[in-house]
Amino acid sequence: MALRNLDEGVRLAVDSLRSNKLRSFLTILGVVIGVSTVMAMASIVQGIQSQIFNALNAAVPNTFYVFRFFAQTPLNPDNLPYEVRIRPIMSEMDAAAVNLAPGVRHAALWTRAFGRFERQGIRSQAMQVFGADDRFMAVQGGTLSRGRMFTPAEMRSGTNVVVLETLIASTLFGSLDPVGGEVKIRGKVFRVIGIWEPPQNIFRPPGAAEGGIMPYRTLRSAFPINETNDLFIIVLGDPGMPIDAIKDNVTVALRRSRSLRPGMPSTFDMLTQDQLLEIVGKLTSAFFLVMVALSGVALLVGGIGVMAIMMVSVTSRTREIGTRKALGATRREILWQFLVEAATLTLIGGLIGILVGLGAGQILKLVLQIDSGVPIWSAVVATLVSVAIGLGFGLYPANRAAKMDPVEALRYE
């Protein structure tokens, strides 16, 4: 009996779609938008997480950073908390102490600034420029496609030289050879000595793309920097040594260099690749939850639309309901029929939403240039949610139909 009612409910729902195309389309539109949005957001989040994971894998293993104070939200340098102000800023003396720690292959003080790159009227967006040393590519990955890195003399003297990232070099110089040319960064002139080809899978969050690399002392003298957020020691550990052991050795070396007695808190923070992944995971999860909540509004609207259309359906079929009950149909059978019809409407909307979400995922993959795919779980969840919406919002009109008095229903005009 249940299977027969299921088949009948599905058939009636399809007939309702055919006979009231516009009304049915508007009913399921909210479900389509909600489901496709959930799938598209899941695709973006998975793609970003995958890109970050690949980028961290592209970097040399056993690499981590030492900060004055690490905060997920950048601190205002003009209004630092007391616990940050009492910490000394990272210095070249600190980097030298870390360099002598057991298990450390290389350590150096790096920094960064943001600015636009210019040449002959062509300007880039605001991009990162690193102040680093000649081991930059040994840490970050990538290769020199043309030119050279800094010389020891250029690093010591802070010469105005820069290694451009390949895309910004192409933007500014076109088909010309950039090596030997000049660019302006925040109004100051720098000579191009090389072109950096970054790893293909390096993660570049919006607004933070790398534009170039210059000697650390060059950047410190050329631009003001945020000494809390943008000044750090990069540590490259020996590949055969556990990262935790290297961190312990660096901690001991820095505490000894800063004359910190036992029991005194450390005046620096460390950030590893695992911690970066954990932070990114939390951020992307929060982003995903926000987008799911927004798409849930569309699903709610779709559910209300299902309820409205089912109420209209119950009213227009009052005599039919009265006839069925007069012929022996039970309250349970009437309730089941309308619930199946509501679930069928939203299931159709969910399936259409899945197709739209798959297409949106592919478009986002091309536009954002991320290696993303639509997770299978999102399609399963979207289907189940769409059916649940049909059952939940179809319950009231179905219950109303089931409670109808057959005599009153047959009298309905």
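Let me begin with Gln 120, which counts as exposed at a relative accessibility of 70%, and which sits in the loop between strand 3 (117–119) and strand 4 (122–123). Please keep in mind throughout that what we are looking at is a predicted model.

What draws attention to Gln 120 is its backbone, where phi is near 50°, a positive value in a residue other than glycine. As background, most residues other than glycine have a negative phi. Ser 259 also has a positive phi, of about 60°, although it is not a glycine, and it belongs to the loop between helix 9 (243–257) and strand 12 (269–272). With a relative accessible area of 58%, Ser 259 is exposed, because exposed here means over 50%.

Together with Leu 22, Leu 29 and Ile 33, Phe 25 makes a nonpolar surface patch of about 370 Å².

Finally, the protein as a whole: its secondary structure comes to 14 helices and 12 strands, and of its 413 residues, 49% count as buried. The accessible surface comes to about 20,400 Å², with 62% of that belonging to carbon and sulfur atoms. As for the contacts in the protein with a separation of 6 or more, 77% of them are accounted for by residues 24 or more positions apart.

Methods:
Residues are numbered from 1 along each chain as its sequence is written. This is a predicted model: local features need pLDDT of at least 70, side-chain atom pairs count only at pLDDT 80 or more; totals for chains, interfaces and linings use all residues. Side-chain values use heavy atoms; hydrogens and water are left out. Patches are made of residues with over 30% relative accessible area and no salt bridge: like charges are joined within 9 Å, nonpolar side chains (Val, Leu, Ile, Met, Phe, Trp, Tyr) within 5 Å. Accessible areas come from the Shrake-Rupley method with a 1.4 Å probe; for residues, only the protein chains shown count as cover. A salt bridge is a side-chain nitrogen of Lys or Arg within 4 Å of a carboxyl oxygen of Asp or Glu. Helices (H or I, at least four residues) and strands (E, at least two) are DSSP runs, numbered from the N terminus. Buried means under 20% relative accessible area, exposed over 50%, partly exposed in between (1.4 Å probe, protein chains only). Contact means heavy atoms within 4.5 Å.
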